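Morning, everyone. Please look at the screen, and I will walk you through a few spots.

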Amino acid sequence: MKEKILVTGALGQIGTELVMLLRKLYGAERVVATDLERKDLPQVTEGGPFEILDVTDKQAMGELIAREKIGTVYHLAAILSAVGEHRPQLAWAVNMGGLYNALELAREQNFALFTPSSIACFGPSTPADQTPQETIQRPNTIYGVTKVAGELLCDYYHERFNVDTRGVRLPGLISHEALPGGGTTDYAVHIYYDAIKKNSYSSYIAAGTYMDMMYMDDALKAFVELMEADPAKLIHRNAFNIAAMSVDPEMIAESIRKFRPDFVLEYDVDPERQAIAESWPNSLDDSAARAEWGWSPDYDLDRMTETMLRELEKKLAK
């Protein structure tokens with residue numbers, strides 16, 4: 001990969017770590033990070049090129065991509081599930097308008113485009129266990145609706161205009177670097193923070209509510225491996241199921257107790273986020289990703305828990 005890489009939404013939970021990984025792999029000056037505003041994240045804003053970018057402004061986006069001679073765009077800018085339910089019009093404008101602009105520019109300027117989808121693209125009528133790669137997709141959130149539409153749009157631009165589009169369906173992501181930005185699975189990050197801070201956590205997701213989760217390092221590995229994969233072997237290209245672990249709050253608590261035996265888990269269920277969680281799959285069948293580009297996660301629940309607790313202890317001690 002010789003051309004420059006551009007990341008939208010670079011100051012979000014995923015973007016922060018993706019930018020750092022890409023700069024480590026390909027060189028700091030070759031990775032241009034962008035976001036709607038500058039935040040206090042010097043590892044991104046000062047560790048290499050950083051630009052203010054509104055993805056709903058196609059002209060500004062196109063000028064930046066042309067000026068920097070971008071060959072690959074990781075398009076992460078999006079309004080997430082819980083926030084989207086409170087601001088559905090904004091979610092549509094950013095998630096669909098931003099993606100449409102990115103696809104049109106990819107068609108015009110001939111760059112590769114990675115766009116993540118999500119388990120939110122599924123709904124109550126989707127088979128909940130080992131959800132197939134191709135199945136019923138009838139989500140009941142605006143975030144999920146934009147993800148289904150985005151998957152179809154990426155497929156269309158590849159088939160109609162030969163745009164090099166690729167993407168994965170992300171489960172809930174767990175990381176110690178940056179706090180999540182308003183998703184339904186965020187409890188699985190907050191539980192580790194509270195385990196360090198007060199040795200207890202009150203979950204807004206009910207016991208027995210299983211959702212696919214993944215440690216951030218595995219998700220970022222999937223992004224890079226898919227973009228470096230031989231396109232001739234990709235049957236699906238967009239919206240690959242990827243999976244690492246299917247867990248409920250009790251399982252995470254039990255894992256934490258292996259390292260902090262007195263940890264206490266309580267419940268204060270949020271009906272809105274609980275309803276969203278119940279509409280999503282319990283587990284995903286990721287056999288297509290494994291077969292087509294060799295996907296395999298490195299972290300199981302206990303390895304992730306040990307890493308999260310160790311890193312957060314160091315971080316919060318500062």
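Ala239 sits in the loop between helix 8 and strand 12. Helices here are DSSP runs of H or I with at least four residues, strands are runs of E with at least two, and both are numbered from the N terminus. Before going on: this is a predicted model, where local features need pLDDT of at least 70, side-chain atom pairs count only at pLDDT 80 or more, and totals for chains, interfaces and linings use all residues. Residues are numbered from 1 along each chain as its sequence is written, and side-chain values use heavy atoms, with hydrogens and water left out.

Is Ala239 buried or exposed? Ala239 is buried, at a relative accessible area of 5%. Buried means under 20% relative accessible area, exposed means over 50%, and partly exposed is in between, with a 1.4 Å probe and protein chains only. Now the backbone. Most residues other than glycine have a negative phi. Ala239 has a positive phi, near 60°. Arg237 is not a glycine either, and its phi is positive at about 70°. Arg237 lies in the loop between helix 8 (216-228) and strand 12 (240-241). Arg237 is buried, with a relative accessible area of 8%.

Three strands make an open sheet in the order 9-11-13, with mixed pairing. Two strands pair if DSSP finds at least two bridges between them. Which strands stand at the edges? Strand 9 (172-174) and strand 13 (245-247) do. Each has a single partner strand, so one side of each is left without a neighbour in the sheet. Strand 11 (residues 211-215) and strand 13 run antiparallel, joined by 3 bridges. Asp212 has Ser246 in strand 13 as its bridge partner.

Helix 7 (residues 187-197) packs on this sheet and touches strand 9, strand 11 and strand 13. Contact means heavy atoms within 4.5 Å.

Last stop: Asp35, in strand 2 (residues 31-35). Asp35 counts as buried, at 13% relative accessibility. Leaving out residues up to four places away in sequence, Asp35 touches several others, including Gly9, Ala10, Phe50 and Leu53. How many residues apart along the chain are Asp35 and Gly9? They are 26 residues apart, yet their C-alpha atoms are separated by 4.9 Å. At Ala10, the backbone nitrogen lies 3.4 Å from a polar atom of the Asp35 side chain.

That is my tour. Questions, please.

Definitions and conventions:
Axes are lines fitted to C-alpha atoms, for helices over the stretch in contact, and angles run from 0 to 180 degrees between N-to-C directions. A polar contact is a pair of N or O atoms within 3.5 Å; within protein, one must be able to donate a hydrogen and the other to accept it, and residues adjacent in sequence count only if both atoms are side-chain atoms.
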